[in-house]
Amino acid sequence: MTERILTAAEMLTGVPGEVIPDGAVLVRDGLIEDVGPAADVIGRAAAGTPRVSFPEARILPGLIDVHVHLVFDGGEDPVATLAATGDPALVLDMAARARRLLDVGVTTVRDLGDRNGLAARLRDAVAAGTVPGPRILTAGAPITVTGGHCSFLGGQADGVEQVRALVRRQAEDGVDVIKVMVTGGHLTPEGPSSWELQYGTEEVAAAVEEARRFGLRVAAHVHTREGVEVAVAAGAHTLEHCTFLTEAGPPAGPDADEKLIRTIAEKGVYVCPTFHGGMGALETRFGADVLRPWLEIRRDQHEQGVRLIAGTDAGVTGVGVEQYAEGLRWLGRAGLPADAVIAMATSVAADALDLGGRTGRLRPGLDADLIVVDGDPRADLSVLRHPRLVVARGRFHVPRAGESLPWE
């Protein structure tokens, strides 16, 4: 049995407004055994339990990126790079990206676009402790029409029956979630554009119904209002991007629909805006005034009660896996309160992935997924960029080269 105690100036439990001053967490055999005021936790622990103190720092749950692509390298042409990389080399590249995610405090990721089941192989290796990395949920190859968005990953299906059959095959292959490309996207220039619909309500509803038979949820890639309407009507669990894109934009603003936003909130559908570090380049390209409506719609969604979750689309052009905290900062720039952003990255994200009983909060009995950061992320989200310590399912990881933990 392995026990460790961490103490800090404050514990941010993942629930907005829930703070434990001068707090501590006891980690035992990969789980959170105890959380509370430091004096109480230390008093309840066995005498001599090793502990380390971070008197100026905050401890909070490990961060969750609900939208990544470990097969992509985040370079200028990630699709070409992928095509030129064989599976043996690719899985090593993916493992390196998983390690970099751990370095920036991400302890859980949902991979929404894979090739040949490599993310599942990496998932199992991380879970076994063979390689370091965050907990991985994988969708395998996303479901798309023949020649559609990301069809090069292998998940092509046309019509209701083919969609059902592919969902069954993916479930049998052991995926954790089903990804459906309701609209097109920019990574597949020869395929449908981002503002073009690929599937109607019948196909998406078939995917949702079939996935439910296997206890799986459906993530819907949607860029247009019509795509959002299809995904919501079909019962998709999460909306990825949800940009309300028009054929003219950007630079034209989003085609927002207040009634539809209220429907999303009322149905409890989660929305991942995929804000990321590459948005700075978009601001430079189009200008702050052009980007502003895309930020305002997120603030509007939050204010209307839409359950927003944090994901970066890491791996696509210009978006490195290490830029997770930059996406959170853009959510802050959109006008969302910092404590809400932190919840989007921890407890709310865990609930969206059906992991609320395992991670996302500092609670006894949950997996020991947590980070230690200098400063206060409620005052400055950028302090999340460089955690001092990352604990992923009880495995301690010190990201800063040459730094060790002064156990008492």
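Predicted model: local features only at pLDDT ≥ 70, side-chain atom pairs only at ≥ 80, totals over all residues.
Residues are numbered from 1 along each chain as its sequence is written, and side-chain values use heavy atoms, with hydrogens and water left out.

Let's start with the seven-stranded sheet. It is open, with the order β3-β2-β1-β4-β13-β14-β15 and mixed pairing. Strands here are DSSP runs (E, at least two residues), helices are H or I runs of at least four, and both are numbered from the N terminus. Two strands pair if DSSP finds at least two bridges between them. At the edges sit β3 (31-37) and β15 (395-397), each pairing on one side only. Neighbouring strands in this sheet are turned by 35° against each other on average, direction ignored; the axes behind that angle are lines fitted to C-alpha atoms (for helices, over the stretch in contact), with angles running from 0 to 180 degrees between N-to-C directions. Inside the sheet, β1 (residues 3-12) and β2 (residues 19-28) are antiparallel partners with nine bridges. One place to look is Glu-10, whose bridge partner in β2 is Pro-21.

Next comes an open sheet of five strands, β8-β9-β10-β11-β12, with parallel pairing. Its edge strands, β8 (178-181) and β12 (307-308), each pair on one side only. Two bridges hold β11 (residues 270-272) alongside β12, running parallel, and there Tyr-270 stands opposite Arg-307.

Now find β5, at residues 63-68. Six of its six residues are buried, so this strand is largely enclosed by the rest of the structure. Buried means under 20% relative accessible area, exposed means over 50%, and partly exposed lies in between (1.4 Å probe, protein chains only).

Beyond its neighbours within four places in sequence, Thr-274 is in contact (heavy atoms within 4.5 Å) with His-67, His-241, Gly-311, Thr-312 and Asp-313. With His-241, the side chain of Thr-274 makes a polar contact of 2.9 Å. A polar contact is a pair of N or O atoms within 3.5 Å; within protein, one must be able to donate a hydrogen and the other to accept it, and residues adjacent in sequence count only if both atoms are side-chain atoms.
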